[in-house]
Protein chains: 2
Amino acid sequence: MADIIAFNRGVPPAESFPKEQLIESARKVISNEGDQILQYGNPLGYEPLREWISNRFNGTPAQVIMGQGSLQLLDIFIKTSLEAGDMVFFEQPTYDRTLTLFRRAGMELKGFTLRNGVMDGDEIEETLRNGIVPKAFYVIPDFQNPSGAEMPLELRKRLIRLAEEFRFLIIEDGAYRHLRYYGQNLPRLIDLNPEHVIHMSSFSKMISPGMRVGFMVAGIEIINRLGKYAEDSFISTNFLNQAIIYDFIQRGLMEDHILFLKDLYQERLKSILSALENHIVKSGTWIEPKGGFFTGVNLKQGFKQPDANMLTEKNIVLMASHGFFIEGGDDFIRLPFCALTPAQINEGIKRLAELIN
Amino acid sequence: MADIIAFNRGVPPAESFPKEQLIESARKVISNEGDQILQYGNPLGYEPLREWISNRFNGTPAQVIMGQGSLQLLDIFIKTSLEAGDMVFFEQPTYDRTLTLFRRAGMELKGFTLRNGVMDGDEIEETLRNGIVPKAFYVIPDFQNPSGAEMPLELRKRLIRLAEEFRFLIIEDGAYRHLRYYGQNLPRLIDLNPEHVIHMSSFSKMISPGMRVGFMVAGIEIINRLGKYAEDSFISTNFLNQAIIYDFIQRGLMEDHILFLKDLYQERLKSILSALENHIVKSGTWIEPKGGFFTGVNLKQGFKQPDANMLTEKNIVLMASHGFFIEGGDDFIRLPFCALTPAQINEGIKRLAELIN
């Protein structure tokens, strides 16, 4: 029986983890800073790493909080800055775990469809002018999960203007931003207006998800509320891992590691795009991502998602698509490509094509 | 000016951290298991450590969840098993961070005074028979924070009988249980009846608080609710640190390390008891702890807590006592003794005596 090919989770491959370098960083930081990092610490996190991050945002460490991944910080942001019944806007499809968090907190959710990877700015503006104004608008502008889309500069600027006019907060998730395989960086939304944007990101896709080191950059008042809630909930986060990551950066290893990741993943992106071209062109459309972990297929009229039995028979695993949608999702398939080899990708897409064509 | 002597936080001293052994364990686990522990993992935590813990509770790994410290798990337990308005009983005084968590969740709180370290079982039973029945009763039976008290066996058994009759859950916090300097272990409440008790503890006091590795042992249904909430909130916890701690245990280092801690802390306990005897006998009473991090002084009639100015002048730091109480606390002073040297302890108690006598 053919090997299982898992398209279900957006995770980095084990071969991407810089084990030897992490061992050396662990040795150094426990030896040199063990007295501090093995103790309880500041609920906002390990100061040197917060300072390094804040420099990349032209801010101060007081605007940065570290978490056990960035999702934890989004959860705490929801608990400290939003209330049940508040309206939140999303790209649709969007990151399923984020939708789950906002749903759990009893928010009203409204999605704006990504058409060929882009939301319709007119539709957003019209919604706002009709009096439907959110407290927050969650977006992943760079290599979106699950579609792979990049938000165009014009829409970034327009969203900021609308946030200013209608006084809502943009939550910018930058988890994939540093993994660009083609083209030039566009400005982050937080760079366009730090008053109206909070930025969340992590080292999960740059070094290791299991180390659980994420961060949020926001105004000091928001960060202080998060810090108080974090301290009351779990005293402080894990400084050992934050110190390991900071040491990894200080040793100048990050730049080379990112280049290594880009080489590894760009080849896999090429593989999936060519496999889609070879096998799915009849049944679906997709965007060509310039970075990140994902592409997503939109099935053409008349083509249907494979059901669970068909997937089991072909030994492929997909994530249930409706998780990415507030409503609908029947014609979308997310395809993470980084944790599969080119051979697996080609074989997996071939099997998928046999089910949907 | 004399050095500051800080009696405010119940933390282990930096000299207790087994740095060299942790470096070696970090090297081993990243090298041998990096592919797994640097990846996202089971929301319940690192399986080998959960299995090791479950063996110590005659349970199964499915009854154990790991957290970023045990307080995080208590917070998630509150969010998944209790509701605002639910009644919760406590020893009084009790761990201040726990009170904060239950208060934040809108619980009704009722305390039972520790008199000479023991709650009045008759008072508890009468309260229950009068129809005031809690959803949960939070206790720290072994070397309680902040009093240092140990719950007598008779009261342990009686609490279990009452929990069975009135169908409430006991939350047993065992953070200090393994640090016994005198006498024999009493049974844990969870050993007396695992149906009515959930047990929370951590490696913070045994290895390092900064590693943030805590756990909760409970019925499978409760654990599954916690696991679902944990996954939705932060995907998974930090496996690297859990693996380091498991390796530390597997190498047979834990037993010797606990003996080393007991030697170190027993000497400090002797120092504080003799300093109290020498300086505070006129103004206060205290219990003589058989283990743990704390003793607490109850001021005699006519003696008052030093105020902030007096403490600053004498260069000593105390924790504000009302945090340990649902109401009151004016005549109580918590004295953690593990993170101070015998000389600091003696000098600190002398200075304190000058303020209260």
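**Two chains, one axis: a chat about a predicted model**

Modeller: This is a predicted model. Chain B goes onto chain A by a rotation of 180° with 0.0 Å of shift along the axis, at an RMSD of 0.0 Å.

Colleague: What makes you speak of an axis, and what is that relation called?

Modeller: That rotation is the relation of a two-fold axis. In chain B, the C-alpha nearest the axis belongs to B:Ala26, 3.5 Å from it.

Colleague: How do you know through which surface the copies meet?

Modeller: Of the interface residues of chain B, 100% are also interface residues in chain A, so the copies meet through the same surface. Chain B puts 39 residues into the contact and chain A puts in 39 residues.

Colleague: Which elements of chain B give two or more residues to that side?

Modeller: They are H1 (19-37), H3 (70-81), H4 (96-104), H8 (220-234) and H9 (239-250) of chain B. H1(B) gives the most, with 10 residues. Sorted by class, the side of chain B that touches chain A has 18 nonpolar, 14 polar and seven charged residues.

Colleague: On to the helices. Why are H10(B) and H12(B) called roughly parallel?

Modeller: H10 (253-279) and H12 (342-356) of chain B pack at about 25°, with axes 9 Å apart. Angles under 35 degrees count as roughly parallel, and therefore H10(B) and H12(B) are roughly parallel to each other.

Colleague: What is the hand of the crossing, and which residues of H10(B) and H12(B) meet?

Modeller: H10(B) passes H12(B) in a right-handed crossing. From H10(B), B:Glu267, B:Arg268, B:Ser271, B:Ile272, B:Ala275, B:Leu276 and B:His279 take part, and they meet B:Pro342, B:Ile345, B:Asn346, B:Ile349, B:Lys350 and B:Ala353 of H12(B). The residues of this contact divide into seven nonpolar, three polar and three charged.

Colleague: Now the sheet with the order E9-E10-E12 in chain B. Why do E9 and E12 stand at the edges?

Modeller: The sheet is open, with three strands and antiparallel pairing. E9 (284-286) and E12 (332-336) of chain B each have a single partner strand, so one side of each is left without a neighbour in the sheet. Direction ignored, neighbouring strands of this sheet are turned by 30° against each other on average.

Colleague: How do you know that E10 and E12 of chain B pair?

Modeller: Pairing takes at least two bridges. E10 (294-299) of chain B and E12(B) have five bridges, in the antiparallel sense, so by that cut-off they count as paired. B:Val297 stands opposite B:Ile333 in E12(B).

Key
Residues numbered from 1 in each chain as written. Chains lettered and ligands numbered in written order. Predicted model: local features only at pLDDT ≥ 70, side-chain atom pairs only at ≥ 80, totals over all residues. Axes fitted to C-alpha atoms, helices over the stretch in contact; angles between N-to-C directions. Helix = DSSP H or I, 4+ residues; strand = E, 2+ residues; numbered from the N terminus. Parallel < 35°, antiparallel > 145°, perpendicular 65-115°, else oblique. Left-handed = near helix turned anticlockwise from the far one by under 90°. Contact = placed C-beta atoms within 7 Å. Nonpolar A, V, L, I, M, F, W, Y, C, P; charged D, E, K, R; others polar. Least-squares fit on C-alpha atoms with pLDDT ≥ 70 in both.
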